[in-house]
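Keep the viewer open as you read.

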Amino acid sequence: MSNLATQNKETNWTGVSYGIVLGFVAAYFQFKVPPVLPVMFDLYGYETFVAGGFMSIFAVAGMLVSVRVGRGIRRDGAKRYLMGAFALMLTGTAMGLLWPESGSVMLISRTIEGFGAAVLAVCMPAFANMSAGPKHLPIIIAAQATWIPVGQLVANIVAQPSVAEGFWQPVWWFGALATILVALWTGYILARGSVPGIAHIPRGGSSSSASNTATTADAQPMTKPENRALWLAAVLFFLWQAQFMGYFTWLPVYLVDVRGFTADGAVLTNQIPVVVLLVFALIGGIILKTGLGVIKLLTIALTLQTLGWAMIPFADNAAIGLASLVVWGIAAGLTPTSLWALPSTLLGGHRAGTDAFAVVLTGRYLGILAGPLIAAAVFEITGNWITVAYTFAVIAMATIVGTWLFGAQMSKLRNDTPT
C-alpha cells in the first residue's frame, strides 16, 4: 500500500473501541485483587508471598503465551484465541469462587484467568492501532493507555461497598458478567466482519475494513535493528511496570497496616492516584499530538514518578501524603501513554501489529511478575515499607537512563533509513 493511501486511511471506530474495551476487561481481571486483598487476608490468612503471587502469576501466563499468540493472530486472525480466552477467564473465576480458602487453588485460578487476559492484552493495542487513521493515532494511543486505570477504577468502585461488609465475591461476579458481555459483542462483530484481524473479512465487507486489512497485510516486516529497539522498549516497560505493580498491589495493605485506614477507606484513598492517572493518560495523548516527542514526555513522566516515590517517607504529613498520591498519579498517567506510543513511533501505526506489541507486552509481564515480589521481598528483609519506596525510586531513575538509550537508538534508525 502506498504511503499516501496509509496517510489517508480512515479510522475504524468500531475496531478502536472494541480493542480498548478488551483492554478494560483484561485490566479489571488483573487489578480486581488489590482492593479486596485486606479482606482476603483476614478471611483466609494468606502468606505475603502467596498474596503477591495473585498479581504476579498473571505475568507468568502472559510471558508464556504473548509472543506466540501475537504471531498466531497476525497469521490466522483472533477468533479462536478470543473465544478460548473468554472460556479461560470464566473457568478461573469459577475456581476462585469455589475454593478461595486454598492459596494454591487461588493461584491456579489466577493463572488460568491470566492466560485469557493475556490474549485480550495482545489484541487491545493491535486492534486499536490497526484501526486508527494517522490523524487520530495520538489520541487513540492515549485512550489505550487508559485501559489499566479504567480497569482499576471499576474494580475499586465494585469492591468498595462489598469490602465495607467484609465480602470480596461481588468483584469476581462482576468480572464474569463483563466477560460474557464482551464475548457476545465479539460474536456480533464476527457476524458483521467489521473489525480487521478478528477473522477474514467476508465478501461484501466494508471498504474501510478491507482497507485496514490490506494495510496490515502489506506492512513491511520488522528489520533486525527495529526488533532490537522493540526489545529495549520492552525493558523500559518492565522497569516501569514493576514500579506500577509494586505500588498498586501493596498500597491498600500499607494504608491499613501502617496508616490505620479501614479496608473501605483504603480502597477510597487508592482511587485518588487512579483517577489522576486516568486524566493524565488522556492529557499525555494531547501532549504527544502537539509534537513534544515521546522521549521527552517519558523523561518528564519518570522524573515525576521518582519524586512521587521520594515523597512517600514523609507521607505521615497529610498534605505531603495527598501530594504524593497526586504526583504519582500524574506520572503513572503520562508514562504508559508514552510507552504505548513507542512501537507506533518506531514502526508507524500501520506496522505496529500484534507481533510488535507482543514484544513490549513481554516486558510488561516481567514487570507484573517482579513488582509485587520485589516489594514483598524488600519488606520481608527490612520490615519497612519506606525502604520499598526508596528501592523503586532507584528503579525509576534507571528507567530514565533506559529511555535516553532508546531515544538514541531510535534516532540512529531514522538516520540510517534512506530518504
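The largest cavity has a volume of about 60 Å³. A cavity here is a set of points on a 1 Å grid over the protein atoms alone where a 1.4 Å probe fits but cannot get out, and lining residues have an atom within 4 Å of a point; the volume is the space filled by probe spheres set on the points, which are joined across faces, edges and corners. This is a predicted model, in which local features need pLDDT of at least 70 and side-chain atom pairs pLDDT 80 or more, while totals for chains, interfaces and linings use all residues. Residues are numbered from 1 along each chain, and side-chain values use heavy atoms, without hydrogens and water.

**Largest cavity**
- Of its 13 lining residues, W147, I148, W240, P336 and W340 are the closest to the centre.
- Helix α11 gives the most to this lining, with four residues; helices are DSSP runs of H or I, at least four residues, numbered from the N terminus.
- The lining has 11 nonpolar residues, one polar and one charged.

**Second largest cavity**
- This cavity has a volume of about 30 Å³.
- Among the residues that line it are W147, F58, R364 and Y365.
- Helix α6 contributes the most to this lining, with three residues.

**Helix α12**
- Residues 263-289 form α12, which reaches 40 Å from first C-alpha to last, close to the 39 Å expected at 1.5 Å a residue; the expected span is 1.5 Å times one less than the number of residues.
- G291 follows α12 and has a positive phi, near 95°.

How values were computed: Helices (H or I, at least four residues) and strands (E, at least two) are DSSP runs, numbered from the N terminus. On a 1 Å grid over the protein atoms alone, a cavity is a set of points where a 1.4 Å probe fits but cannot get out, and a pocket is an open set with protein on both sides within 12 Å along at least five of seven lines; lining residues have an atom within 4 Å of a point. Ala, Val, Leu, Ile, Met, Phe, Trp, Tyr, Cys and Pro count as nonpolar, Asp, Glu, Lys and Arg as charged, and the others, Gly among them, as polar.
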